[in-house]
Amino acid sequence: MSFTDRTALVTGGSRGIGRAICLELARQGCNIALCYAGNQQAAQETVAACQSLGVKAVAYRCDVSSNEEVKHMTAEALKEFGAIHILINNAGITRDGLLLTMKEEDFTSVLDTNLKGAFLCMSALSRSMIRQRYGRIINLSSVVGLHGNAGQCNYAASKAGILGLTKSAAKELASRNITVNAVAPGFIDTDMTAALPEHTRTSMLTTIPANRLGQAEEVAKAVAFLASDHSAYITGQVLAVDGGMSM
């Protein structure tokens, strides 16, 4: 696969799965625009790592739940790079809690960032993709969006919503040579899972036929495939990268 002369916008690209996606695309020649919520140092580390691979990379601070900020960020990226060919909606937060005790603001903030944020970015860039008659949109869902998870009603709802958003947008944009797909990671070895108690991690492994956590790089390779021309006839699909959990 080669992404020479193409640019990807990766939300939540400063660390974890987002950083892995930026680096995987950069290795294959893709210029990188990434946005981050607050950790400027981590974002600049990702930018430097991408630049060391010989591509152009720029970081933008953006709260993806804000329509105003998303419009400003995408306008700046289009001005800087000339075109955005690939959009990867990876930005996400968790505010875990049981249904009976979850605060309304914790439910709303997760939906606003994870689901509305993806919608706003797609809305902001779809017009330019239609004009150029080319686009690849990949939305990061989760195995939790497929099966639910106790203590994560808000997160599961946001990631299940991503699936409906993906399929509907795919039907609207397919005739313009724009594909829209989703990747649903399972339990991936990131800062988030590293913070879990050991007994929780051990319990998680019993649900994974592959008997291990996934790596961010494995998710990134799946995203890169869906962003490439090798996947030109694939749209509206959900690719689970979960070690067999969804079987």
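This is a predicted model: local features need pLDDT of at least 70, side-chain atom pairs count only at pLDDT 80 or more; totals for chains, interfaces and linings use all residues.

1. The idea behind the first part of the note is simple. Rolling a probe the size of a water molecule over the atoms shows where empty space is left.

2. The largest pocket has a volume of about 1,200 Å³. Its lining consists of 43 residues, and those closest to the pocket centre are G92, I93, T94, Y155 and M192. Two or more lining residues come from each of α1, β2, α5 (143-147), α6 (153-173), α7 (191-194) and α8 (198-205). Sorted by class, the lining of this largest pocket holds 19 nonpolar, 18 polar and six charged residues.

3. The second largest pocket contains about 180 Å³ of space. Its lining is formed by F119, M122, S123, S126, I130, I137, L165, S168, A169, E172 and L173. The elements that contribute two or more residues to this lining are α4 (104-132) and α6. By class, seven of the lining residues of the second largest pocket are nonpolar, three are polar and one is charged.

4. How many cavities of 30 Å³ or more does a search of the whole structure find? The search finds one. The volume of the largest cavity is about 60 Å³. Among the 13 residues lining the largest cavity, N89, N90, A91, N114 and A118 are the closest to its centre. Both α4 and α6 supply at least two residues of the cavity lining, and the largest share, five residues, belongs to α4. The classes in the lining of the largest cavity are six nonpolar, six polar and one charged.

5. Is D106 buried or exposed, or does it fall in between? D106 has a relative accessible area of 23%, and it counts as partly exposed because buried means under 20% and exposed means over 50%. D106 and D242 are separated by 136 residues in sequence, and their C-alpha atoms are 26 Å apart in space.

6. Two loop residues may be read together. R133 is in the loop between α4 and β5 (135-140), and N177 is in the loop between α6 and β6 (178-185). The phi angle of R133 is near 50°, a positive value in a residue other than glycine. N177, also a residue other than glycine, has a positive phi near 65°. R133 is partly exposed, with a relative accessible area of 46%, and N177 is partly exposed, with a relative accessible area of 36%.

7. Where does Q28 lie? Q28 is found in the loop between α1 (16-27) and β2 (31-36). Its relative accessible area is 14%, and Q28 is therefore buried. The side chain of Q28 makes a polar contact of 2.7 Å with the side chain of E24.

8. The last point concerns aromatic rings. No aromatic pairs are found in a search of the whole structure. The ring of F81 does have K56 over its face, at 5.0 Å from the ring centre.

Note on methods:
Residues are numbered from 1 along each chain as its sequence is written. Side-chain values use heavy atoms; hydrogens and water are left out. Helices (H or I, at least four residues) and strands (E, at least two) are DSSP runs, numbered from the N terminus. Buried means under 20% relative accessible area, exposed over 50%, partly exposed in between (1.4 Å probe, protein chains only). A polar contact is a pair of N or O atoms within 3.5 Å; within protein, one must be able to donate a hydrogen and the other to accept it, and residues adjacent in sequence count only if both atoms are side-chain atoms. Rings of Phe, Tyr and Trp (its six-membered ring) pair if their centres lie within 6.5 Å; planes under 30 degrees apart count as stacked, over 60 as edge-to-face and the rest as tilted. A charge sits over a ring if NZ of Lys or CZ of Arg is within 6 Å of the ring centre and within 35 degrees of the ring normal. On a 1 Å grid over the protein atoms alone, a cavity is a set of points where a 1.4 Å probe fits but cannot get out, and a pocket is an open set with protein on both sides within 12 Å along at least five of seven lines; lining residues have an atom within 4 Å of a point. Grid points are joined across faces, edges and corners, and a volume is the space filled by probe spheres set on the points. Ala, Val, Leu, Ile, Met, Phe, Trp, Tyr, Cys and Pro count as nonpolar, Asp, Glu, Lys and Arg as charged, and the others, Gly among them, as polar.
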